[in-house]
Amino acid sequence: MKKSELADPFKSARQEKGYGKMNDQIDPVTMVLRLKDVRKTAHDWKKFTSGAVPGRIVVPSEVNIRDTRQIPFEVDPPMHGAYRSIIERWFKRPLEPEYEEKLSQQIQAIINEALAKETIEVVSEFSLPLQSRALTLLLNIPYEEAETWIGWGTHVFRSEGVALDASKANILYEYIDRQLEKASQNPGDDLYSVLLNSEVEGRKLTAEEAKGVMVLTFAGGRDTVINAVTNSIAYFAEHPEALQRLRNEPEIIGKAVEELIRYFSPLTHMGRVVTEDTQVCEHAVKADSRVSLCWASANRDESVFEDADKVVLDRKLNPHVGFGFGHHKCLGATHTRQMMKIFLKNLAEKVERIDILDLKENIEDLDEFKRKVGYDQISVSFKAR
Amino acid sequence: MAKITFITSDNETITVEGTSGSVMELAVQHGIHGIDGDCGGVCSCATCHVHVAQEHMHKTGAANEIERDMLELDDDADEYSRLACQLQLDEALDNIVLRVAK
């Protein structure tokens, strides 16, 4: 098996039953594994709520380490739509030419840095800085701020393993509180100020609500983007012909981005809380229990995707759910797609070859399933064209 | 060359012309309000949902299976629904009228 491959641990459970079970702390989860079931469950917010106790829909659950509700992600319609409409346009800014140009400069610089080094550890020296620097554009704040976030390391928002680490999460919370305080005293044209100046249901957003949006902005796009970028580098290291193809046919880059997101599925799953006794794929689920929408499994559903376990760079019909599905679909998807497009374009233009020297896989433990989601570390060398 | 008329949800009527690519791409190039085409045309985001004028349905034909599955969960979908990314621009579509879904 190639080092860059991500296996599909859900295959037999998906084919045989359509669901899996995992024990998450003392609050077990029924995982929905087929694409159609995932979509239906994501759509049915009345039976499968996101508006549960803050932290409970996340797997592993964060109920013991946070009280702040992430917005709009932990809110159901119609309130969800009211919040989302405040920020939707802001999160489309990556499509503006000026934004694209700045992002392009950042990404070219980081590829040049990688080319100048003999070897580079991709997670901490490439993907983390790339994600952090790009986030300054999304927040519309000075570039230098990225240094602070890079200093936090890759795991500041998450636990390692099952034990959740509240002190790590608090670094982020205290930081956001400070930034919001600064923005309220000196409003600017950054996302903090925009939020504090926004209205929902005819009143100003509270600092707690603004914090809920910011926590989501930081947490949602951290390890996911890092995984997408790192997995791409590993993939192109083992598939130089794919890099060559992007060089020859840059017009397929958009499709390649969608396909890599499908194949990598940087976020394995996301939970919901069941509001009434019901069922998922003919399996009974009880009110107040949890289900998860397993994007990673749905994206390998062989009844929908031909050659589901293969990367088909120019896959034409690709109804993947790598950015989620329905009203909660990923708010940062526009930013991520733009980043990945620019990244692939420049990688193809500047890099001749990537060699993997050493790696440690990041395996998620989902009880009956063990899923490789990316790498804890992977050292490579880049060769310029 | 095909002339395509879009009616947006705020009832603006815009007619544009194109020769190649998909109807979604044409709409995005011309900034048709309500058609985003986030996924670039691989049938994954359903942000290019249009309703084909009933009398023009024969020009497009019905949605394919993957498209129908995407539209199935859209409250606003009906038998005239198509995803514009799955409509290729060609002569057959000339003078078609598409209402942009909400």
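## Helix packing in chain A

Helix axes are lines fitted to C-alpha atoms over the stretch in contact, and the angles between N-to-C directions run from 0 to 180 degrees. In this predicted model, helix H11 (residues 240-248) and helix H14 (residues 333-350) of chain A pack with their axes 8 Å apart and at an angle of about 100 degrees. That makes H11(A) roughly perpendicular to H14(A), a term for angles of 65 to 115 degrees; helices are DSSP runs (H or I, at least four residues) numbered from the N terminus.

Leu243(A), Leu246(A) and Arg247(A) of H11(A) meet Leu344(A), Leu347(A) and Ala348(A) of H14(A), where contact means heavy atoms within 4.5 Å. The residues of this contact divide into five nonpolar, no polar and one charged.

## Interface of chains A and B

In the interface, 17 residues of chain A are in contact with 16 residues of chain B. The two chains bury about 1500 Å² between them, 56% of it on carbon and sulfur atoms; buried area is the accessible area (1.4 Å probe) lost on putting the two parts together, summed over both.

Four salt bridges are found across the interface of chain A and chain B, each a side-chain nitrogen of Lys or Arg within 4 Å of a carboxyl oxygen of Asp or Glu. Lys329(A) and Asp38(B) meet through their side chains in a salt bridge (3.9 Å, N to O).

## Basis of the values

Local features need pLDDT of at least 70 and side-chain atom pairs count only at pLDDT 80 or more, whereas totals for chains, interfaces and linings use all residues. Residues are numbered from 1 along each chain as its sequence is written, chains are lettered from A in the order in which they are written, and side-chain values use heavy atoms, leaving out hydrogens and water.

Technical notes:
Helices (H or I, at least four residues) and strands (E, at least two) are DSSP runs, numbered from the N terminus. Angles under 35 degrees count as roughly parallel, over 145 as roughly antiparallel, 65 to 115 as roughly perpendicular and the rest as oblique. Ala, Val, Leu, Ile, Met, Phe, Trp, Tyr, Cys and Pro count as nonpolar, Asp, Glu, Lys and Arg as charged, and the others, Gly among them, as polar.
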